[in-house]
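Let's take a friendly walk through this structure, with charged pairs as our guide. Please keep the sequence and the 3D view open as you read.

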Amino acid sequence: NYLLLSGLNYGKLINFRPTSVDSKFVSTNIDFLVRKDYFINSDEWFEDSAVIESVRKNFEEMLVLWGVFLDFKLYNEALVHFLGGKEQIIKPVAIWLDDQIVGYQNMQVIDNGTILHISGINKAIKGYENSIRKLFNHTELNRVCWINFNKQEIVLKIIK
């Protein structure tokens, strides 16, 4: 991420957190023009609320500035920030089995009954989507705003 955002092809990353300083040499041959060559498939993205419209607008602005091939978690962190921060977005969602709550899972709740999910899946995409749909059987969620990075194709989809 650091190399790509700074426009460099190689560098040395230094980690000061461990008990002894750790470093490694890293390189990339992905240039800015390749990162700007992406396709957004939003055929199944429906903007029926201001929050969902804001998610798309902010996400597309990030793509213009950053391009693709960064860790998808970076885009997720930025969207959470634009939506009000972790304190506002990350909330426990009850998980149900039959008629009983069996636990809670922290999720990125962006609207009443709506969560944001960002992934970088490039194999078994349909199976992954089916797993997301299973959330509806075990939570009170009614939709998922799903953004998936698959190399240079980005899919924006509202799953109901």
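**Charged pairs and a nonpolar patch**

Ten salt bridges are counted here, and the model they come from is a predicted one. For the count, the side-chain nitrogen of a Lys or Arg has to be within 4 Å of a carboxyl oxygen of an Asp or Glu.

Let's begin with a pair that reaches across the sequence. Lys157 and Glu44 form a salt bridge through their side chains, at 3.6 Å from N to O. Lys157 belongs to strand β8 (residues 153-159) and Glu44 to strand β3 (residues 39-44), so this contact ties together parts that are 113 residues apart in sequence. How exposed is each partner? Lys157 counts as buried because its relative accessibility is 10%, and buried means under 20%. Glu44, in turn, is partly exposed, with a relative accessible area of 37%.

For a local counterpart, turn to helix α3 (residues 50-66), which holds both Arg56 and Glu60. Their side chains meet in a salt bridge at 2.9 Å, N to O. The two residues are four apart in the helix, so about one helical turn separates them. Glu60 has a relative accessibility of 27% and therefore counts as partly exposed.

Next comes another link between strands. The side chains of Arg143 and Asp111 make a salt bridge, with 3.6 Å from N to O. This pair connects distant parts of the chain, as Arg143 is in strand β7 (residues 143-150) and Asp111 in strand β5 (residues 100-111), 32 residues apart. Arg143 is buried, with a relative accessible area of 9%, while Asp111 is partly exposed at 27%.

Which residues make the nonpolar surface patch? Ile14, Phe16 and Val21 do, and the patch covers about 340 Å². To find Val21 in the view, look at the loop between β1 (10-15) and β2 (22-27). Val21 has a relative accessible area of 55% and so is exposed, since exposed means over 50%.

Key:
Residues are numbered from 1 along each chain as its sequence is written. This is a predicted model: local features need pLDDT of at least 70, side-chain atom pairs count only at pLDDT 80 or more; totals for chains, interfaces and linings use all residues. Side-chain values use heavy atoms; hydrogens and water are left out. Patches are made of residues with over 30% relative accessible area and no salt bridge: like charges are joined within 9 Å, nonpolar side chains (Val, Leu, Ile, Met, Phe, Trp, Tyr) within 5 Å. Accessible areas come from the Shrake-Rupley method with a 1.4 Å probe; for residues, only the protein chains shown count as cover. Buried means under 20% relative accessible area, exposed over 50%, partly exposed in between (1.4 Å probe, protein chains only).
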